[in-house]
Amino acid sequence: MVGSQSQSQSEAKGKLYIIGIGPGSVDHLTVKARDVIMNSDYIVGNGTYLDQMARLLDKQEIVRSAMGKEVDRSRRAVELAQNNIVSMISGGDANVYGMAGLVLEVAEHADLDVEVEVLPGVTAITAAASVLGAPIVNDLCTVSLSDLLTPWEVIEKRLDAAASADFVMSLYNPKSRQRKSNFSRAVQIIRRHKEDTVPVGLVKNALRDEDQDFIVTTLGNVMEYNEWVDMSTTILITTNDSHVWESPHGKKIITPRGYHRKYDY
Ligand code: SAH
C-alpha cells in the first residue's frame, strides 16, 4: 500500500516512485503501477503521458511539464517527495531511455533524504515484438538513434558491433524533426554485416489502441518505408536465421530460439 495524502502529511514521510507506464493505453499498465498512481499525492510527467493516464487521475495533484524540461521535472519530483507520495511517470519502461537515470542522478546530487522505487513497464521493443509475432526470442540489443545526448560516432560504433555479431537489433528514436537522416545512415551500417533478406518489422504506436500500425519487410527493402518512419516508431531488425511465416492471419516474424536443433516438430 502507498500512503494517502493525509497519512503522508501527518507523518511528513514521502516517497518517490519512478513508474514505467507502458506503451500507451492503461490496459498495458502493471497492476502495481496502477495502484501506486491512484494512491499518490502528486503525479509528475509530461503532457502526453498524463493524457494517456487521464482515466486514473482524479484526486491527485498534477505537475505537468514540457518535453525538454526533464531536469526541472526531476528536481521538482525529488523536492516534493520529501513530504509526499510522488509518482514520476515515464513512457514504456522507466529504465529504457526513460526517466529513472536522470531522477536518480538528480536525487544523488540534491543530497536529500528521499526514498526512491522504480516500477518497470512494458517497453517499446517488447510491445513492438508482440505486434510482429516472435522477432526477438534470442540475444538482442537496443540502440537509440538520438544523438542529442550521445555522440553520433558512438552510435555508429555500437550499430556496427551489434550488426557484426548478428544480434536482433531494435532501433529506438529513429527520427525527429531535426534528425531526418539518422535512420538511413543506421541502415547503411547494418547492411555491411547482415544479409538483405533479414526480416525487418516497423511498428508505429505499438499497443496504443487505434493508432497502431506496422510493416513487415526485409533489410534490403526497408528504405522504401523511410518516409513512414517517425518518432513513434520502433524498428526491429532480426537475424540471418529469422524468417517470415505467411500465416492465414497475417505475417509473423519468427527468430528461432534453437529448438529445431534438438527436437522435431
Ligand atoms: N522509455 C521508452 C522509450 C523512450 S525513447 C520505452 O521503454 O519504450 C522514445 C522512443 O521509444 C520512440 O522514439 C520510439 O522509437 C519508441 N517508442 C515508445 N513508445 C512506442 C510505441 N508505443 N510504439 C513504437 N515505438 C515506441
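Me: In which helix do Arg75 and Asp72 lie, and how many residues apart are they?
Reply: Both are in helix H4, residues 70–80. They are three residues apart, about one turn of the helix. Helices (H or I, at least four residues) and strands (E, at least two) are DSSP runs, numbered from the N terminus. This is a predicted model, in which local features need pLDDT of at least 70 and side-chain atom pairs count only at pLDDT 80 or more, while totals for chains, interfaces and linings use all residues. Residues are numbered from 1 along each chain as its sequence is written, and side-chain values use heavy atoms, with hydrogens and water left out.

Me: What makes the contact of Arg75 and Asp72 a salt bridge?
Reply: The term needs a side-chain nitrogen of Lys or Arg within 4 Å of a carboxyl oxygen of Asp or Glu. The N to O distance for Arg75 and Asp72 is 3.8 Å, and the pair therefore meets the rule. By this rule the count comes to eight salt bridges.

Me: Which parts of the chain does the pair Asp160 and Arg192 link?
Reply: Asp160 and Arg192 form a salt bridge, with the closest N and O atoms 3.0 Å apart. Asp160 is in helix H7 (residues 152–164), and Arg192 is in the loop between helix H8 (182–191) and strand E9 (199–204), 32 residues apart. Asp160 has a relative accessibility of 24% and counts as partly exposed, whereas Arg192 has 58% and is exposed.

Me: Why is the pair Lys204 and Asp230 said to tie parts of the chain together?
Reply: The two form a salt bridge at 3.7 Å between the closest N and O atoms. Lys204 is in strand E9 and Asp230 is in the loop between strand E10 (213–218) and strand E11 (233–237), so the pair joins parts that are 26 residues apart in sequence. Lys204 is buried at 15%, and Asp230 is partly exposed at 28%.

Me: Why is Lys194 put in its accessibility class?
Reply: Its relative accessible area is 3%, so Lys194 is buried. Lys194 is in the loop between H8 and E9. Leaving aside neighbours within four places in sequence, its contacts (heavy atoms within 4.5 Å) include Ala163, Val168, Leu219 and Ile237.

Me: How do you know that Lys194 and Asp166 are in polar contact?
Reply: A polar contact is a pair of N or O atoms within 3.5 Å; within protein, one must be able to donate a hydrogen and the other to accept it, and residues adjacent in sequence count only if both atoms are side-chain atoms. The side chains of Lys194 and Asp166 are joined at 2.8 Å, so the distance is inside the limit. The side chain of Lys194 also reaches the backbone oxygen of Phe167, at 2.5 Å.

Technical notes
Buried means under 20% relative accessible area, exposed over 50%, partly exposed in between (1.4 Å probe, protein chains only).
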